[in-house]
Amino acid sequence: MGLSYTFTHAICRAPSNSIIDGLRAVDTGTPDLDTFRQHHADYVAALRATGAEVTVLAPLEEFPDSVFVEDAALCLPKGAVIMRPGAPSRLGEALAIAPAIAETYGEVRAIEGPGFIEGGDILVTEREILVGKSARTDADGVEELRAIVSDWGYTLRELQTPPDVLHFKTDCSLLDAETILTTRRLAASGCFDGYNLIYTEDDEEACANAIRFNDRVLFPAGFPRTAETLDKAGYNVTEIGNSEAAKLDGGMSCLSLRFTPPA
Ligand code: CIR
């Protein structure tokens with residue numbers, strides 16, 4: 001199996017009570033804490049069911065969005081990079097995640113600025129690192145990351161997240177070494193030419209943020225036609241409730257950092 005979707009470890013962070021104050025593009029209601037916690041527990045259990053070691057960090061009340069750990073770091077087979085979130089209320093999450101990453105990776109690099117970059121804008125495939133500029137990730141942030149990952153031998157390709165889409169990966173996910181689940185609006189730019197594409201079904205664009213984690217695809221519940229498409233394509237789909245995270249524009253990828261530490 002490929003390095004881009006097989007992992008021995010994951011890091012998550014328990015939802016804080018302050019999650020109800022998390023950022024959202026459109027207010028569709030306050031997340032219900034108990035339901036959020038249940039969904040989060042189901043998510044962690046699904047990661048663990050693949051045999052991975054999953055660390056769940058303590059909640060951080062001072063950072064309402066800190067359950068979305070993916071945005072604060074990038075973990076690659078050759079090294080880890082602490083991000084510099086473009087949302088001012090999330091900037092401090094980078095410092096907060098650093099010790100947990102350093103525990104596994106030893107030395108870590110960090111985006112120092114002036115640019116900004118969030119992990120949700122980064123899709124790592126078997127052959128390259130795709131980064132979508134967005135309201136949270138700017139050209140300086142992308143260039144600083146490029147300099148770091150080039151040292152490790154990775155190729156980075158800068159792309160554009162569609163307007164009004166929070167993160168690049170809000171609209172796409174890696175399914176295997178050659179295959180990407182994507183919305184039509186993102187793929188229309190040709191950014192995934194050369195990959196096999198599976199499209200979200202009409203009116204199910206909100207399920208594009210899934211994760212391939214070892215033998216499973218963790219997929220948000222409530223999108224039956226796309227789930228069936230993935231099932232028919234041979235993927236082992238595990239549906240996880242995501243109604244509360246979705247109120248904060250969060251999905252499957254945001255809730256974990258997935259990695260295999262360097263030997
Ligand atoms: C935010 O707006 O930053 C959070 N409410 C949601 C972050 C979702 N993260 C992700 O897609 N990687």
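Which element gives the largest share of the lining of the second largest pocket? Keep that in mind while we set up. This is a predicted model, where local features need pLDDT of at least 70, side-chain atom pairs count only at pLDDT 80 or more, and totals for chains, interfaces and linings use all residues. Residues are numbered from 1 along each chain as its sequence is written, and side-chain values use heavy atoms, with hydrogens and water left out.

**Stop one: the second largest pocket.** Select S4, F7, C75, V124 and T125, which lie nearest its centre among 36 lining residues. A pocket here is an open set of points on a 1 Å grid over the protein atoms alone, where a 1.4 Å probe fits, with protein on both sides within 12 Å along at least five of seven lines; lining residues have an atom within 4 Å of a point. Now colour β3 (73–76), β6 (122–124), β9 (172–176), β12 (211–213) and β15 (257–259), the elements that give two or more residues to this lining. The opening question is settled by β3, with 4 residues. Strands are DSSP runs of E, at least two residues, and helices are runs of H or I, at least four, numbered from the N terminus. The space comes to about 570 Å³, a volume being what is filled by probe spheres set on the points, joined across faces, edges and corners.

**Stop two: the largest pocket.** Select L166, T170, A246, D249 and G250 to find its centre; 35 residues line it. Its volume is about 670 Å³.

**Stop three: an open sheet.** Show β12, β13 and β14, three strands in that order with mixed pairing. Strands pair if DSSP finds at least two bridges between them. The edges are β12 and β14 (237–240), each pairing on one side only. Zoom in on β13 (residues 216–220), which runs parallel to β14 over 4 bridges, and find P220 opposite I240.

**Last stop: T50.** Pick T50 in the loop between α1 and β2 (53–57). Its side chain has a polar atom 2.8 Å from the backbone oxygen of L47. Finally, show F213, N214, D215 and R216, the contacts of T50 once neighbours within four places in sequence are left aside; contact means heavy atoms within 4.5 Å.

Notes: Polar contact = N/O pair within 3.5 Å; in protein donor to acceptor, adjacent residues only side chain to side chain.
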